[in-house]
Amino acid sequence: MKLRAWREHYFLGIIVVLAAVLLFTNLSDRYLWGDEAETALLAKNILKVGHPSMKDGRNTIYSDYNGKILLPFLTTEDYAWKWHPWLSHYVIAASFSLFGISTFAARFPFALASVLTIILTYFLALKISGKNTANLTALLLALYVPFYLYSRQSRYYALMIFLTVTVLYAYVKFIRDERYASVFLAAALVLTFYTQYNAFFSLYLALGLHFLLFSYSWEKLKKLIFISLAVACLTLPWFFYASLGSKYHGLEYNLLFGLAYLVAYYSLYIFPVVFWVLLYVVFRKRLLRQEETCYYYLLLRQRHPRRFDGKKS
């Protein structure tokens, strides 16, 4: 029975095979560029000192910007890396342990994560809209050149994309009150935070807005509060650790300062988002009368709760 069910997804199998060929072929044909090399060296140091460190006991990794050494800005007093969370570094370290230290091993986990992203995107679209949409969605992603550019790098990008799709998948399960959805969603959010916290905050805000506008119920709100508390307990330690004391250009650096800087930077490109928010406020009542509303990049039927729950109306 299960074999028959998987046969229904044969088109996905073809897409995955073609994508895997594109992702893994000549994966090590280029040397690691600056940020990749830095990430890989930090992962290599995990095998020596147990955590991403700028020093391995003999050598020191230096980062500079416009000729200025950023070592005090990026690390704690014991040279532990704090500019990014550590999940991607440990993933690379695991790859180094399995395959040895090489360019291929440094990039392999992220190429694999991208294959999984295509598969999970397919099942997300299948859950939301149906098989035809799922096939088209997976195909378009597999044909998207920038996706491969980010996927074939020893950086957190591919892992962040995969976990973003994972959070969306978990969120749909949560909205539909599926079993273990709350645990799934909390775990996915925590992993996203420890991959790239800026993506975590953006995603969390988007989910919160969607919930309040389209999926609000008191029972789900109580569950969401519990999820938020669990996520906070598992991520707050990084806030304190990453905010430990170094100085740069006379400014005390901490995680909140870094987030404020990035918010200011991204605000340069945020006008279209503000425009659509204002447009929604103006036409909110009219939009809510529509049968279909935009759910991230796919369409969800939101006016009839039974349809959204996968039941016949």
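Student: Leaving aside neighbours within four places in sequence, which residues is Leu-189 in contact with?
Tutor: This is a predicted model. Contact here means heavy atoms within 4.5 Å. Neighbours within four places in sequence are set aside, and Leu-189 then touches Val-167, Phe-200, Tyr-204, Leu-207, Ile-227 and Val-231.

Student: Which residues have the most contacts inside the largest nonpolar core?
Tutor: Nonpolar side chains tend to be buried together in soluble globular proteins. The largest nonpolar core here holds 70 residues. Those with the most contacts inside it are Ile-118, Phe-174, Leu-185, Leu-189 and Ile-227.

Student: Which residues of H10 are buried?
Tutor: Buried means under 20% relative accessible area. Helix H10 covers residues 181-193. Its buried residues are Ala-181, Leu-185, Ala-186, Ala-188, Leu-189, Val-190, Thr-192 and Phe-193.

Student: Which helices are included in what covers the buried residues of H10?
Tutor: Leu-185 and Leu-189 are among those buried residues. The cover over the buried residues of H10 includes H9 (157-175), H11 (197-214) and H12 (218-242).

Student: How far apart are the end C-alpha atoms of helix H10?
Tutor: Helix H10 has 13 residues. The expected span is 1.5 Å times one less than the number of residues. That gives 18 Å for H10. The end C-alpha atoms agree, since they are 18 Å apart.

Student: Is Trp-218 buried or exposed?
Tutor: Trp-218 lies in helix H12. Exposed means over 50% relative accessible area. Trp-218 has 51%, so it counts as exposed.

Student: Which helix supplies the largest share of the nonpolar patch?
Tutor: The patch on the surface is formed by Leu-205, Leu-209, Leu-212, Leu-213, Tyr-216 and Trp-218. Together they have about 650 Å² of accessible area. The largest share, 4 residues, comes from H11.

Student: Is His-84 buried or exposed?
Tutor: His-84 sits in the loop between helix H4 (71-74) and helix H5 (87-99). Beyond its neighbours within four places in sequence, His-84 is in contact with His-89, Arg-155, Tyr-156 and Trp-238. The cut-off for buried is under 20%. At a relative accessible area of 11%, His-84 is therefore buried.

Student: What percentage of the contacts with a separation of 6 or more is between residues 24 or more positions apart?
Tutor: The chain has 16 helices and 6 strands. Among its contacts with a separation of 6 or more, the share from residues 24 or more positions apart is 67%.

How values were computed: Residues numbered from 1 in each chain as written. Predicted model: local features only at pLDDT ≥ 70, side-chain atom pairs only at ≥ 80, totals over all residues. Heavy atoms only, no water. Helix = DSSP H or I, 4+ residues; strand = E, 2+ residues; numbered from the N terminus. Buried < 20%, exposed > 50% of the residue type's maximum accessible area, 1.4 Å probe, protein only. Core = buried A, V, L, I, M, F, W, Y, C linked by side-chain atoms within 4.5 Å. Patch = residues over 30% accessible without salt bridge, like charges linked within 9 Å, V, L, I, M, F, W, Y side chains within 5 Å. Areas by Shrake-Rupley, 256 points an atom, 1.4 Å probe, with all protein chains shown as cover. Salt bridge = Lys/Arg side-chain N within 4 Å of Asp/Glu carboxyl O.
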